[in-house]
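This report describes the fold, the nonpolar core and selected residues of a single protein chain. The sequence and the model are shown below.

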Amino acid sequence: MVNGQPRAWLRSGELAEQAGVSTDTLRHYERLGILAKPRRSDGNYRMYPPDSVMRVRLVRQALAIGFSLPELAKIFKVRDQGGAPCRQVRAIAEEKLARIERELTDLAALRDQLRVLLKAWDRQLERTPDGQPARLLESLIGAASGHRLTKET
(Lines give C-alpha, C1' and ligand atoms only; values in the text may rest on other atoms or scores of the structure.)
Protein backbone atom coordinates (compact mmCIF):
# COMPACT_ATOMS: atom_id res chain seq x y z
CA MET A 1 0.00 0.00 0.00
CA VAL A 2 1.12 3.50 -0.77
CA ASN A 3 -0.61 6.36 1.04
CA GLY A 4 -3.44 4.02 2.09
CA GLN A 5 -4.09 2.94 -1.52
CA PRO A 6 -3.28 -0.51 -2.93
CA ARG A 7 -0.25 -0.43 -5.19
CA ALA A 8 -1.25 -0.96 -8.79
CA TRP A 9 1.98 -2.66 -9.83
CA LEU A 10 4.14 -5.24 -8.08
CA ARG A 11 7.88 -5.63 -8.21
CA SER A 12 9.06 -9.09 -9.18
CA GLY A 13 10.05 -9.95 -5.60
CA GLU A 14 6.63 -8.94 -4.32
CA LEU A 15 4.85 -10.94 -7.01
CA ALA A 16 7.07 -13.95 -6.37
CA GLU A 17 6.37 -13.80 -2.63
CA GLN A 18 2.61 -13.39 -3.04
CA ALA A 19 2.40 -16.16 -5.63
CA GLY A 20 4.75 -18.53 -3.80
CA VAL A 21 7.38 -18.85 -6.53
CA SER A 22 10.88 -17.55 -7.15
CA THR A 23 11.78 -14.56 -9.29
CA ASP A 24 13.61 -17.01 -11.57
CA THR A 25 10.27 -18.77 -12.10
CA LEU A 26 8.68 -15.46 -13.06
CA ARG A 27 11.41 -14.78 -15.61
CA HIS A 28 10.97 -18.31 -16.98
CA TYR A 29 7.22 -17.73 -17.34
CA GLU A 30 7.99 -14.48 -19.19
CA ARG A 31 10.31 -16.27 -21.62
CA LEU A 32 7.56 -18.81 -22.35
CA GLY A 33 4.92 -16.12 -22.81
CA ILE A 34 2.88 -17.27 -19.82
CA LEU A 35 3.42 -13.87 -18.20
CA ALA A 36 3.51 -10.73 -20.30
CA LYS A 37 6.78 -8.84 -20.34
CA PRO A 38 6.54 -6.51 -17.36
CA ARG A 39 6.96 -2.81 -17.59
CA ARG A 40 10.06 -1.29 -16.02
CA SER A 41 10.16 1.22 -13.20
CA ASP A 42 12.39 4.29 -13.26
CA GLY A 43 14.89 2.20 -11.29
CA ASN A 44 14.63 -0.55 -13.95
CA TYR A 45 12.67 -2.93 -11.68
CA ARG A 46 10.26 -5.33 -13.32
CA MET A 47 6.74 -4.19 -12.48
CA TYR A 48 3.76 -6.52 -12.86
CA PRO A 49 0.06 -5.71 -12.81
CA PRO A 50 -1.80 -6.99 -9.74
CA ASP A 51 -3.68 -9.66 -11.73
CA SER A 52 -0.32 -11.38 -12.29
CA VAL A 53 -0.63 -12.95 -8.84
CA MET A 54 -3.75 -14.83 -9.89
CA ARG A 55 -2.18 -15.87 -13.18
CA VAL A 56 0.89 -17.35 -11.48
CA ARG A 57 -1.31 -19.14 -8.94
CA LEU A 58 -3.44 -20.47 -11.79
CA VAL A 59 -0.31 -21.74 -13.57
CA ARG A 60 0.83 -23.50 -10.39
CA GLN A 61 -2.55 -25.21 -9.99
CA ALA A 62 -2.64 -26.24 -13.64
CA LEU A 63 0.87 -27.70 -13.33
CA ALA A 64 -0.25 -29.61 -10.24
CA ILE A 65 -2.94 -31.44 -12.23
CA GLY A 66 -0.62 -32.26 -15.11
CA PHE A 67 -0.66 -29.41 -17.59
CA SER A 68 2.76 -28.55 -19.00
CA LEU A 69 4.24 -25.09 -19.33
CA PRO A 70 4.22 -25.25 -23.16
CA GLU A 71 0.53 -26.24 -23.09
CA LEU A 72 -0.24 -23.37 -20.75
CA ALA A 73 1.73 -20.94 -22.91
CA LYS A 74 -0.44 -21.87 -25.93
CA ILE A 75 -3.64 -21.59 -23.91
CA PHE A 76 -2.71 -18.20 -22.48
CA LYS A 77 -1.66 -16.92 -25.89
CA VAL A 78 -5.14 -17.68 -27.23
CA ARG A 79 -6.76 -16.21 -24.11
CA ASP A 80 -4.61 -13.06 -24.20
CA GLN A 81 -5.55 -12.49 -27.84
CA GLY A 82 -9.22 -12.51 -26.88
CA GLY A 83 -9.91 -16.14 -27.73
CA ALA A 84 -11.70 -18.74 -25.64
CA PRO A 85 -9.51 -21.86 -25.42
CA CYS A 86 -11.98 -23.67 -23.16
CA ARG A 87 -12.52 -26.65 -25.47
CA GLN A 88 -8.77 -26.96 -25.96
CA VAL A 89 -8.26 -26.94 -22.17
CA ARG A 90 -10.89 -29.63 -21.74
CA ALA A 91 -9.41 -31.76 -24.52
CA ILE A 92 -5.96 -31.56 -22.95
CA ALA A 93 -7.38 -32.53 -19.55
CA GLU A 94 -9.30 -35.42 -21.11
CA GLU A 95 -6.11 -36.75 -22.73
CA LYS A 96 -4.30 -36.48 -19.40
CA LEU A 97 -7.06 -38.46 -17.72
CA ALA A 98 -6.87 -41.14 -20.43
CA ARG A 99 -3.10 -41.37 -19.96
CA ILE A 100 -3.51 -41.69 -16.19
CA GLU A 101 -6.14 -44.41 -16.68
CA ARG A 102 -3.71 -46.34 -18.92
CA GLU A 103 -0.92 -45.91 -16.40
CA LEU A 104 -3.16 -47.11 -13.58
CA THR A 105 -4.06 -50.20 -15.60
CA ASP A 106 -0.38 -50.85 -16.26
CA LEU A 107 0.47 -50.32 -12.59
CA ALA A 108 -2.29 -52.70 -11.49
CA ALA A 109 -0.93 -55.37 -13.85
CA LEU A 110 2.58 -54.80 -12.50
CA ARG A 111 1.28 -55.00 -8.93
CA ASP A 112 -0.42 -58.33 -9.69
CA GLN A 113 2.73 -59.65 -11.36
CA LEU A 114 4.85 -58.65 -8.37
CA ARG A 115 2.46 -60.42 -5.98
CA VAL A 116 2.81 -63.61 -7.98
CA LEU A 117 6.57 -63.16 -8.16
CA LEU A 118 6.86 -62.69 -4.41
CA LYS A 119 4.86 -65.88 -3.77
CA ALA A 120 7.13 -67.79 -6.15
CA TRP A 121 10.19 -66.33 -4.46
CA ASP A 122 8.82 -67.30 -1.04
CA ARG A 123 8.48 -70.91 -2.25
CA GLN A 124 11.99 -70.78 -3.71
CA LEU A 125 13.41 -69.40 -0.45
CA GLU A 126 11.68 -72.15 1.54
CA ARG A 127 13.50 -74.75 -0.61
CA THR A 128 16.88 -72.99 -0.36
CA PRO A 129 19.17 -73.94 2.54
CA ASP A 130 20.30 -71.07 4.77
CA GLY A 131 23.46 -69.46 3.50
CA GLN A 132 22.93 -70.68 -0.07
CA PRO A 133 21.98 -68.31 -2.92
CA ALA A 134 18.38 -68.68 -4.05
CA ARG A 135 19.07 -66.88 -7.35
CA LEU A 136 15.83 -64.91 -7.13
CA LEU A 137 16.81 -62.36 -9.75
CA GLU A 138 17.80 -65.10 -12.17
CA SER A 139 14.21 -66.31 -12.10
CA LEU A 140 13.28 -63.07 -13.84
CA ILE A 141 15.10 -64.25 -16.97
CA GLY A 142 12.50 -66.95 -17.51
CA ALA A 143 9.71 -64.42 -17.00
CA ALA A 144 11.31 -61.97 -19.44
CA SER A 145 11.80 -64.60 -22.14
CA GLY A 146 8.11 -65.22 -22.47
CA HIS A 147 7.29 -67.27 -19.41
CA ARG A 148 4.72 -65.08 -17.71
CA LEU A 149 4.36 -65.58 -14.03
CA THR A 150 1.00 -67.04 -13.16
CA LYS A 151 -0.60 -68.06 -9.92
CA GLU A 152 0.47 -71.62 -10.64
CA THR A 153 4.16 -70.74 -11.14
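## Residue Ser52

Ser52 is located in helix α3. The structure under discussion is a predicted model. With a relative accessible area of 6%, Ser52 falls under the 20% limit and is therefore classed as buried. When residues up to four places away in sequence are set aside, Ser52 is in contact with Leu15 and Leu35.

## Overall architecture

The chain comprises six helices and three strands. Along the sequence, these elements follow the pattern β-α-α-β-β-α-α-α-α.

Of the 153 residues in the chain, 25% are counted as buried. The accessible surface amounts to about 11200 Å², and carbon and sulfur atoms contribute 54% of this area. Among the contacts with a separation of 6 or more, 45% involve residues 24 or more positions apart.

In soluble globular proteins, nonpolar side chains tend to be buried together. In this model, the largest nonpolar core contains 21 residues, and the members that touch the most others are Leu15, Leu26, Ile34 and Leu72. Two or more core residues come from each of the helices α1 (12-19), α2 (23-32), α3 (52-64) and α4 (69-80). The greatest contribution is that of α4, which supplies five residues.

What does Leu72 touch, not counting residues up to four places away in sequence? The contacts of Leu72 on that basis are Ile34, Val59, Ala62, Leu63 and Phe67.

## The sheet

Strands of a sheet pair through backbone hydrogen bonds, in either a parallel or an antiparallel manner. Here, three strands form an open sheet in the order β1-β3-β2, and the pairing is antiparallel. The edge positions are held by β1 (10-11) and β2 (39-40); each has a single partner strand, so one side of each is left without a neighbour in the sheet.

The antiparallel strands β1 and β3 (residues 46-48) are joined by two bridges. Within β3, Tyr48 is the bridge partner of Leu10.

## Residue Ala93

Ala93 belongs to helix α5, which covers residues 86-127. Is Ala93 buried, partly exposed or exposed? The relative accessibility of Ala93 is 34%; this value lies between the limits of 20% and 50%, so the residue counts as partly exposed.

Ala93 and Gly66 are 27 residues apart along the chain, and a distance of 8.1 Å separates their C-alpha atoms.

Key. Residues are numbered from 1 along each chain as its sequence is written. This is a predicted model: local features need pLDDT of at least 70, side-chain atom pairs count only at pLDDT 80 or more; totals for chains, interfaces and linings use all residues. Side-chain values use heavy atoms; hydrogens and water are left out. A nonpolar core is a set of buried Ala, Val, Leu, Ile, Met, Phe, Trp, Tyr and Cys residues joined through side-chain atoms within 4.5 Å. Buried means under 20% relative accessible area, exposed over 50%, partly exposed in between (1.4 Å probe, protein chains only). Helices (H or I, at least four residues) and strands (E, at least two) are DSSP runs, numbered from the N terminus. Contact means heavy atoms within 4.5 Å. Two strands pair if DSSP finds at least two bridges between them. Accessible areas come from the Shrake-Rupley method with a 1.4 Å probe; for residues, only the protein chains shown count as cover.
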